[in-house]
Amino acid sequence: KRSTVAVLKSELLKHTHRLNRKSMADASEPLLPAKAKDVSGGLLHSHLPLDVRKQWYAIALSDDLPEAKAGKVGAAAAGPMSTSLLGDPLVLWRDLSGKAFCVADKCPHRSAPLSLGKVNGDTGHVECIYHGWQIDGGSGKVVDIPAMLEDKTIPSNAKVQVYPLHEQDGVVYVWPGAAEDAAATPPRDCTDSGTPLADPSSGFVMSLMCVDLPIDHALMIENLLDPAHVPFTHEGTIGNRKKIERLQMTVTKTANGFRGSVKEGYYNGFEAPCNIVLHTPPVPGKMDLYQYIGCTPTAPGQMRMIYRAYRNFATWAEKIPPLRRLFDNMSRKIIFQDYQLLPGQQMRLREGALPWNSTIQVDCLPVAYRRYWQRTFGSKDGPWWRGWDGKLDVEDLDRIGSWDREFDCNGCAVPKKPHHPQNVLEIPGAAGQPLRPAAPSTWWKLWAPPLVAAVLAAIVTRKVSSFN
């Protein structure tokens, strides 16, 4: 039995979360200049769909999905992928033909997580670790029960929920709503002229990344819609404090979202329900760069980022693995510069702070998103999973605990962000770092490695050509 103290602590934590969510929902009229209010109020997001379960969500990279190994069963077989979407526990895998499936992560026998099992290499079905029951991913029905007598039939209720799944341009999408409502396909990543960026004829090359973060997806979306934070948070990568400007944002609607621009040809865009589009050409007219970022809400306070970057310059670097990794590491470093601050902001919100207090003219885009969030993810009857019996409190889905503490050289306690194995900003071997970003590297330290690698690649290519 749980002790009285434990019960009281649990109820206090739930009460704090309820107050926090209520304060975020009540903050529907932040302080805004009159002119900005016209473009950041209901007019900007009123056309967006409010049922966010009737949407496609990027949930994984195609290359990451486990596939059945022919002839391999038991311990030698591949394990399926476990994740969640809007709190729904999911399990994903590929069968022997490579077809991908997604079902609820609960065995219909004894409710064991199917993700703890294996992908049977003889049948391609997911197999429960408990009693070996096998589930067909297409129908969700149990198709084999090893312990059942041959003259018996499989119970009619031995089945799990199947989630519609679609693969496109290297990304796996899942539809958390009713299957009969599923749209044919998710929208593709396109240029402003409508050309699919992943098509070889587009002239762009693509890099992909998938990373789970203990951050509420709304905070990441607001962060990515905010150009004013770049010179400070991203100092040493894409930010430069010496080039700080006064920013005026021009905001426009799109078919399924809105976008804002502080400089001609550049924009930060939001596409419902949780996708970001950044257009930041390094040299307008010559070098172009699009970034599509799926900020998928796996649970309250947790997200999975599915990042796609498309560029039409230095495309040859994709054929040289060390250079390709340099581009990928730069993208990862930029993401984790945001990660340096967002867990701290999330902690303040849990303590009762508001997501917005004072605002200025350039905040109109993320403030508009917050109002959309209030009508969807933050509403009283939001889209979150309520448990297998439908009675689970939303607050119970938030699994992130309090931070540990470490001490500086003066013996003062400083907050420590949660350790993340992909955080390239962390010191190897250290459990974590204080929130303050490290001092920026000088420019030559950033660009010397890729330049040296490019020169060496050119020399090797010329040598090979001379031999031929």
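A: Happy to! Keep in mind that this is a predicted model. Let's begin with strand β2 (residues 81–85), where four of the five residues are buried, so that the strand is mostly covered, buried meaning under 20% relative accessible area.

Q: Which strand does β2 pair with, and in what sense?

A: Its partner is strand β3 (residues 88–94); the two pair in the antiparallel sense over five bridges.

Q: Is strand β15 enclosed or open?

A: Strand β15 (residues 275–279) has four of its five residues buried, so it is largely enclosed by the rest of the structure. Strand β14 (residues 266–271) is joined to β15 by five bridges and runs antiparallel to it, with E271 opposite N275. A hairpin of three residues connects β14 to β15. Strand β16 (residues 289–299) is also antiparallel to β15, again through five bridges, and here I276 stands opposite I293.

Q: And the helices: how do α4 and α8 cross?

A: Compare the axis directions. Those of helix α4 (residues 217–224) and helix α8 (residues 364–375) come within 9 Å and cross at roughly 155 degrees. Angles over 145 degrees count as roughly antiparallel, and α4 and α8 are therefore roughly antiparallel to each other. Their crossing is right-handed.

Q: Which residues meet there?

A: From α4, H217, A218, L219, I221 and E222 meet P366, Y369, R370 and W373 in α8. By class, this contact has six nonpolar, one polar and two charged residues.

How values were computed: Residues numbered from 1 in each chain as written. Predicted model: local features only at pLDDT ≥ 70, side-chain atom pairs only at ≥ 80, totals over all residues. Heavy atoms only, no water. Axes fitted to C-alpha atoms, helices over the stretch in contact; angles between N-to-C directions. Parallel < 35°, antiparallel > 145°, perpendicular 65-115°, else oblique. Left-handed = near helix turned anticlockwise from the far one by under 90°. Contact = heavy atoms within 4.5 Å. Nonpolar A, V, L, I, M, F, W, Y, C, P; charged D, E, K, R; others polar. Buried < 20%, exposed > 50% of the residue type's maximum accessible area, 1.4 Å probe, protein only. Pairing = 2+ DSSP bridges.
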